[in-house]
Amino acid sequence: MFSVFIFVPIYIKFFGIENYAVIGFYTLLLGIISFADSGMSSAIIKEFSLENTANYKYSVLRKIENLYLFICITICLNICLFSGFISVKWLNSSSISSELLQYYVVLIGIGTAIQLLSSLYFGALFGIGLQVKSNIYQIIWNIFKAGIVLLPVIFFKASLSFYFIFQIICNILYVLVLRFSVIKILKKECSNK
């Protein structure tokens, strides 16, 4: 919550208002796409919090994971396919070319789809009862996404492309760490029984 007050002036100072508006569009799109979750992360929290076997939990995870992957790929493809339309009709810039805006929209589509996938594994960790661990992962992820990304921007005048690629890398690492943690815990539960 405080990162908005801390980082927004820094973003505007180093990126400029038009580039920050593209970042704002990314944030808006993340909010809209979160509706694609449709309660599936809540369902996995509920299923994982019940006294079920690790094998059952793993099968539930795999089923919802496949559905999530389909949704994420569909969202990503749609944003990428309509990136030209979005960059011309939704985004308006006098200093950023429409081709560059289209490229940013493609990067935004990839980043948002990967970030949506993270809610599945976050919910699984939460349902297992590892709220502190899942929240620590989320805090570290947010520090990198909102704060650490600014270091190259400030010191090396990194571009908006760098910002979005950094977001994608952070999202991929976050998803992998969460997924690895969930699978490791489920395997440990299976071996203990």
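Which residues form one aromatic cluster here? They are Tyr26, Tyr103, Tyr104, Tyr163 and Phe164. For the pairing, rings of Phe, Tyr and Trp (its six-membered ring) count if their centres lie within 6.5 Å, with planes under 30 degrees apart called stacked, over 60 edge-to-face and the rest tilted.

Before I go on, a word on the source. This is a predicted model, where local features need pLDDT of at least 70 and side-chain atom pairs count only at pLDDT 80 or more, while totals for chains, interfaces and linings use all residues. Residues are numbered from 1 along each chain as its sequence is written, and side-chain values use heavy atoms, with hydrogens and water left out.

Now the overall layout. The protein has nine helices and zero strands; helices (H or I, at least four residues) and strands (E, at least two) are DSSP runs, numbered from the N terminus. The C-alpha trace spans about 60 × 35 × 20 Å along its principal axes. Of the 193 residues, 41% are buried, where buried means under 20% relative accessible area, exposed over 50% and partly exposed in between, with a 1.4 Å probe and protein chains only. Taking contacts with a separation of 6 or more, 78% are between residues 24 or more positions apart; a contact means heavy atoms within 4.5 Å.

Back to the rings. Searching the whole structure gives eight aromatic pairs. One of them joins tyrosine 104 and phenylalanine 164, with ring centres 5.8 Å apart and planes at 50°, so this pair is tilted. Tyrosine 104 is in helix α6 and phenylalanine 164 in helix α9, so the pair ties together parts that are 60 residues apart in sequence. Tyrosine 104 is buried, at 5% relative accessible area, and phenylalanine 164 is buried too, at 1%.

A second pair, tryptophan 141 with tyrosine 174, is stacked, at 4.1 Å centre to centre and 5° between the planes. Here tryptophan 141 sits in helix α7 and tyrosine 174 in helix α9, 33 residues apart, and the pair links distant parts of the chain. Relative accessibility is 8% for tryptophan 141, which counts as buried, and 5% for tyrosine 174, also buried.

What else does tyrosine 104 touch? Leaving out residues up to four places away in sequence, tyrosine 104 touches Val22, Ile96, Leu160, Ser161 and Phe164.

Next, the core. How many residues does the largest nonpolar core have? It has 58, and Leu61, Tyr163 and Phe164 are those with the most contacts inside it. A nonpolar core is a set of buried Ala, Val, Leu, Ile, Met, Phe, Trp, Tyr and Cys residues joined through side-chain atoms within 4.5 Å. At least two core residues come from each of α1 (2-15), α2 (17-33), α3 (40-49), α4 (54-81), α6 (98-128), α7 (131-148), α8 (150-156) and α9 (160-192). Helix α6 gives the most, with 14 residues. As for leucine 61, its contacts beyond four places in sequence are Ile44, Phe48, Leu120, Tyr121, Ala124, Val182, Ile183 and Leu186.

Serine 118 lies in helix α6 and is buried at 5% relative accessible area. Beyond four places in sequence, serine 118 touches Tyr174, Val175 and Leu178. Glycine 127 is in helix α6 as well, and is buried at 7%. From glycine 127 to alanine 43 is 9.3 Å, C-alpha to C-alpha, across 84 residues of sequence.

Last, a pocket. Which residues line the second largest pocket? They are Tyr137, Ile140, Trp141, Phe144, Phe166, Ile169, Cys170, Leu173, Tyr174 and Val177. On a 1 Å grid over the protein atoms alone, a pocket is an open set of points where a 1.4 Å probe fits, with protein on both sides within 12 Å along at least five of seven lines, and lining residues have an atom within 4 Å of a point. Two or more lining residues come from each of α7 and α9, and α9 gives the most, with six.
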